[in-house]
Amino acid sequence: MKTLYRLQAIVVKELTQLKRDRMTFGMVIMIPLIQLMLFGFAINTNIRDIPVGVVDQSQTALSRVLIQTVRATQVVEFTEQFYDVEAAHAAIARGAVRAVLVIPKDVSQRLVRHKTVGLGTPPSSDEETSRPVAQWIVDGSDTMVAAAIKGLRAMPLTELLGMPANRTTPTFEVALFYNPEQRTAVNIVPGLVGVILTMTMIMFTSAAIVRERERGNLEMLITTPIRSIELMLGKIIPYMFIGIVQVIIILGLGYSVFNVPINGSLLQLAGATLLFIMASLTLGLVISTIAKSQLQSMQMTIFVLLPSILLSGFMFPYEGMPLEAQYIAEALPATHFMRLIRGVVLRDVEIIDMTYDVTWLAVFTVVGLVVASMRFKKNLG
């Protein structure tokens, strides 16, 4: 009986302490609630409205009907129009679109020939019946997006011509760039760099100020002439080298073990990676100035880490998310780094061609340092 009383006393004490610790109590409630609601609505493997472009070399009423028929599937959304294939290639490389539909000049003749063969007219050659009426140029580095567009090969054209599916059904030719073998590792390994850096960099610095307070070192910092901004910079610089080592390990093993190519410039890769490391470390510092204990800093780190994994495009295509989830994803440094590292490593893009993501990470770092410095007060209060 005495054991039960002692056990009850400890339980009451822990519950009282938890009640007083409002931030921890709030995290206990809010983490599962927000994560469930967010990911329940945001995660969608049925991809819709993939941004694509078109090169219409035919410029006929039939080609326009063909575009509208493909758009009606709701799998893709034509957001760009290009006058030549070279411009289309460049747009895919910098990530402006995920694919481009190239409609040839003789599309009308190709469609008519397929229809007459389907109605019983014998083809003049096997090549004529297998000749595609148009071509999709697809960024194959994202296997889920590529698979969704490959599913459009025949269905829209069959409906357009009002003919049953058979060996003469007109099809799209699909050309997969950057990952023609559709190997998942090609897409996953560069993304892992972003996930691992997010986890380790934020974790390292999220407890930086809290740890100094818990160890009693804050008094020593107060007596020094160091400024807040200098302290913040001093906290993140050592971890930048750790982040660089992690990137070398991940991409090195990815190349040697999984044969993941590094098509872009190492200098461009280093620039993009350093920007992201600084942004992640800065985010960790902001968390550290908010948290009251290392436990709280870990909880807040997890709160940031899960959306960074699920909403950044690492596991699920960005285009499959509802608009509200995309807004949240845009606020995460990992989302912008996913675009940068996949663009540099897989598509050999210069980071100057992805100025939006570069600028966002740079501004995030500066603002984060200012916020962390302002929140850190050189006193014990």
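## A helical segment

Over residues 358-376 the chain is 95% helix and 0% strand. The end C-alpha atoms of this stretch lie 27 Å apart. UniProt, in an unreviewed entry, lists 358-376 as a "transmembrane region". Over residues 188-210 the chain is 96% helix and 0% strand, with end C-alpha atoms 34 Å apart.

## The model

This is a predicted model: local features need pLDDT of at least 70, side-chain atom pairs count only at pLDDT 80 or more, and totals for chains, interfaces and linings use all residues. Residues are numbered from 1 along each chain as its sequence is written, and side-chain values use heavy atoms, leaving out hydrogens and water.

The protein has 17 helices and five strands (DSSP runs: H or I of at least four residues, E of at least two). Of its 381 residues, 48% are buried (under 20% relative accessible area, 1.4 Å probe, protein chains only; exposed means over 50%).

## Helix H17

H17 covers residues 355-375. Its 21 residues reach 30 Å from first C-alpha to last, close to the 30 Å expected at 1.5 Å a residue (1.5 Å times one less than the number of residues).

Buried residues in H17 include Asp357, Leu361, Thr365 and Ala372. Seen down the axis, the buried residues of H17 fall within an arc of 130°, so they line one face (the arc uses directions from the helix axis to the C-beta atoms). They pack against helices H12 (228-257), H13 (266-290) and H16 (333-347). The face turned away from the buried side of H17 carries exposed Val366 and Met374.

Terms used
Contact = heavy atoms within 4.5 Å. UniProt positions renumbered as here; feature names shortened; annotations may be inferred.
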